[in-house]
Every structure is written in C-alpha cells, then in structure tokens.
Amino acid sequence: MKEQYEVIMAGSGGQGLVFCGIILAQAAILEGQNAVQTQSYGIASRGGFSKSEVIISRNEIMFQQVQEPDVILVLTEQAMRMYAPGEPAMPVFYDTTLLEKRNGRNLYGFPFTEMASRLGHVGTANIIALGAMSTLTGMIKTGSLAAVLNRRFTGKVAEMNIKALQAGIELVTKKGEATANE
C-alpha cells in the first residue's frame, strides 16, 4: 500500500458521490489512517455537477485538496472530459451504462448502474464502483468499507449495500482486469 492516495469522484448530484467519499474516508479512519473528504456541487441538488475528493494517508495531511489523483471515478461525460481527457496516467473508473465506452490504458469501464438496477436499487451504483476501485487499487480494505456500511445502515438497506460492495469487488477479482472496457 502507498503512503497516500488521492481520489476524485465526479458526476452529477444524486449519484451518491459525496456519500461515497464519506464512506471511503470513514473506512480509512477505521484502519487507523488519516483521511480528509471534501465536496463541491452546483446549486441544483440533483442533476448539477457534483464532486467528492478524498485523501487517505498514513501521515498527517497538510493540504486538503487533491493535487495529483491516484484514482478517479467519473459518472458523467462532463466529468470524464474534466478529469480524464485523452490517455489518463491514473486508473479512471467509469460507468458504461451512462457513458460511451472507451478504450485505453488505465480506463476501467463497468456497467455500475445496470448492475445496481439488477440488484434491486439503482442508487447502489456508487457502492459497486467503490468496491471495484478499492479492490483494484488496494487503497483501502474492502472489509473496512463493509464495516462502515454496516455501522451506517441496518437490516435490508445494509444487506443491499453489502451486496453492491461485493458485486464491485467481484468485477475485479472474478473477471479480472480483462473485463475492463468490455
């Protein structure tokens, strides 16, 4: 594991990116790491631009904004144009249900929204993406993410989110990187 990870998650309001950032930061803290989560979004609560940044570090975090992302999640074409134009140097995860498919090094396209719909709740696409990102990069243990989800939710909602997390993990572990950009 690296000393520090910088993560950007961008899309539109209502896709759960801020929530996803909070879950990621809390999981890092659960592991004894330092974490900071920042967010920005447009005036529209749903549909406007939304971004969550997370920094996870074994050391003190001096600057609280992402400067050089290690991984990016984009859930809209606008976010893709902003954060991953051309050939990105870092892993970029994107939802092939919502964005046109792309080929290239470091591009990981998966049908997050379609998978969430099949699981019974389209709103868990963000958790599926988080599971895939964490598994591929190793930035946080997926068990820590599950623990945070179980603390925040109970009953069927907790079960649904854990299934979504597991689906994201399996995207990377069972199918491997060969699945990327299908």
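How do the axes of helix α3 (residues 112-119) and helix α6 (residues 155-173) cross, and within what distance do they come? The legends below take this view first and then turn to others. The model is predicted: local features need pLDDT of at least 70, side-chain atom pairs count only at pLDDT 80 or more, and totals for chains, interfaces and linings use all residues. Residues are numbered from 1 along each chain as its sequence is written, and side-chain values use heavy atoms, with hydrogens and water left out.

**View 1. Helix α3 crosses helix α6.** The two axes come within 11 Å and cross at roughly 135°. Axes here are lines fitted to C-alpha atoms, for helices over the stretch in contact, and angles run from 0 to 180 degrees between N-to-C directions. Helices (H or I, at least four residues) and strands (E, at least two) are DSSP runs, numbered from the N terminus. α3 and α6 are therefore oblique to each other. Angles under 35 degrees count as roughly parallel, over 145 as roughly antiparallel, 65 to 115 as roughly perpendicular and the rest as oblique. The crossing is right-handed. A crossing is right-handed if the near helix is turned clockwise from the far one by less than a right angle, and left-handed if anticlockwise. From α3, the contact draws on F112, M115 and L119; from α6, on K163, A164, A167 and L171. Contact means heavy atoms within 4.5 Å. By class, the contact holds 6 nonpolar residues, no polar ones and 1 charged. Ala, Val, Leu, Ile, Met, Phe, Trp, Tyr, Cys and Pro count as nonpolar, Asp, Glu, Lys and Arg as charged, and the others, Gly among them, as polar.

**View 2. Helix α1 (17-30) meets helix α5 (residues 142-152).** The axes of α1 and α5 come within 8 Å and cross at roughly 115°. The two helices are therefore roughly perpendicular to each other. Their crossing is right-handed. α1 contributes F19, I22, I23, L24, Q26, A27 and L30 to the contact, and α5 contributes S144, L145, A147, V148, L149, R151 and R152. The classes are 10 nonpolar, 2 polar and 2 charged.

**View 3. Buried residues of α5 and their partners.** S144, L145, A146, V148 and L149 are buried in α5. Buried means under 20% relative accessible area, exposed over 50%, and partly exposed in between (1.4 Å probe, protein chains only). These buried residues pack against α1, α4 (125-137) and α6. N161 lies in α6. N161 has a relative accessible area of 5%, so it is buried. Neighbours within four places in sequence aside, N161 is in contact with T124, I127, L149 and F153.

**View 4. Salt bridge between K2 and D70.** The structure holds 4 salt bridges. A salt bridge is a side-chain nitrogen of Lys or Arg within 4 Å of a carboxyl oxygen of Asp or Glu. Side chains of opposite charge can pair when their charged atoms come close. K2 and D70 meet at 2.4 Å, N to O. K2 sits in the segment before β1 (4-12), and D70 in the loop between β3 (49-57) and β4 (71-74), 68 residues apart. K2 counts as partly exposed, at 38% relative accessibility.

**View 5. Salt bridge between R102 and E77.** The N to O distance is 2.6 Å. R102 lies in the loop between β5 (92-95) and β6 (107-110) and E77 in helix α2 (residues 77-83), so the pair ties together parts 25 residues apart in sequence. R102 counts as buried at 19% relative accessibility. E77 counts as partly exposed at 23%.

View 6. E114 counts as partly exposed at 42% relative accessibility, whereas R118 counts as exposed at 60%.

**View 7. Loop residues N106 and F63.** N106 is placed in the loop between β5 and β6. Its phi is near 70°, a positive value in a residue other than glycine. N106 is buried, with a relative accessible area of 14%. F63 lies in the loop between β3 and β4. F63 is partly exposed, with a relative accessible area of 44%. The C-alpha atoms of F63 and L145 are separated by 24 Å, and the two residues are 82 apart along the chain.
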